[in-house]
Amino acid sequence: MGYHHVDPAELAPSPDHPCDRRSLAEAAELAQLAAAVYDLAPGEDLATTYHYHDQREELFYVLAGDLHVETPDETFVVGADETFAVEPESPIRPYNPAESDEPVRVLGVGAPKFDIGRPYEPDADGDDS
């Protein structure tokens with residue numbers, strides 16, 4: 001059996017990330033589940049790029065603030081104590097707008113862990129096919 005009690009405040013931020021990201025999965029040595037706590041200042045993105053995953057399902061639980069999630073069809077605003085779930089092959093860009101007056105804190109989880117995000121670039125003319 002294995003158990004891990006993890007305090008995100010005691011973890012080092014993930015390097016080369018556009019916001020403060022603390023990997024719970026790495027600290028707990030999880031093999032299948034990706035999990036992290038994200039703190040986004042105004043103007044920061046949650047992920048390194050507008051992206052999608054081939055297999056990973058993702059869930060973002062907003063702990064504080066309003067997380068904006070851009071998709072090819074619309075931008076969602078996810079408030080504190082709300083959840084945003086993403087199916088595989090669904091492009092997203094989670095962010096905190098530059099004009100926001102407050103930071104955003106998010107718990108993000110996804111599986112399978114090994115399915116790294118692929119960059120998504122919508123066509124300039126609006127045709128995403």
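In this predicted model, the charged end of Arg93 sits over the ring of Tyr95, 4.0 Å from the ring centre. A charge is taken to sit over a ring when NZ of Lys or CZ of Arg is within 6 Å of the ring centre and within 35 degrees of the ring normal. Because the structure is predicted, local features need pLDDT of at least 70 and side-chain atom pairs count only at pLDDT 80 or more, while totals for chains, interfaces and linings use all residues. Residues are numbered from 1 along each chain as its sequence is written, and side-chain values use heavy atoms, with hydrogens and water left out.

Strand 8 covers residues 93-95 and is an edge strand, as is strand 6 (75-78); each pairs on one side only. The open sheet holds three strands in the order 6-5-8, with antiparallel pairing. Strands here are DSSP runs of E of at least two residues, helices are runs of H or I of at least four, and both are numbered from the N terminus; two strands pair if DSSP finds at least two bridges between them. Between strand 5 (residues 67-70) and strand 8 there are three bridges in the antiparallel sense, and Tyr95 in strand 8 is the bridge partner of His68. Strands of a sheet pair through backbone hydrogen bonds, either parallel or antiparallel.

A further open sheet has five strands in the order 1-2-9-4-7, again with antiparallel pairing. Its edges are strand 1 (20-23) and strand 7 (83-86), each of which pairs on one side only. From one strand to the next, the twist averages 20 degrees; axes are lines fitted to C-alpha atoms, for helices over the stretch in contact, and angles run from 0 to 180 degrees between N-to-C directions. Strand 1 is joined to strand 2 (residues 34-40) by four antiparallel bridges, and Ser23 has Ala36 of strand 2 as its bridge partner. Strand 4 (residues 57-64) pairs with strand 9 (residues 104-111) over seven bridges in the antiparallel sense, and with strand 7 over four antiparallel bridges. Glu58 is a handy landmark: this residue stands opposite Gly110 in strand 9 and opposite Val86 in strand 7.

Turning to the aromatic residues, the structure holds two aromatic pairs. In one of them, the ring centres of Phe76 and Phe84 are 5.1 Å apart and the planes meet at 55 degrees, so the pair is tilted. Rings of Phe, Tyr and Trp (its six-membered ring) pair if their centres lie within 6.5 Å, with planes under 30 degrees apart counted as stacked, over 60 as edge-to-face and the rest as tilted. Phe76 is partly exposed at a relative accessible area of 30%, whereas Phe84 is buried at 12%. Buried means under 20% relative accessible area, exposed over 50% and partly exposed in between (1.4 Å probe, protein chains only).

Some backbone details also deserve a look. The peptide bond from Ala111 to Pro112 is cis, with omega near 0 degrees, and Pro112 lies in the loop between strand 9 and strand 10 (118-119). Asp16, in the segment before strand 1, has a positive phi near 55 degrees and is exposed at 76% relative accessibility. Glu29 likewise has a positive phi near 55 degrees; Glu29 sits in the loop between helix 1 (24-27) and strand 2 and is exposed at 64%.
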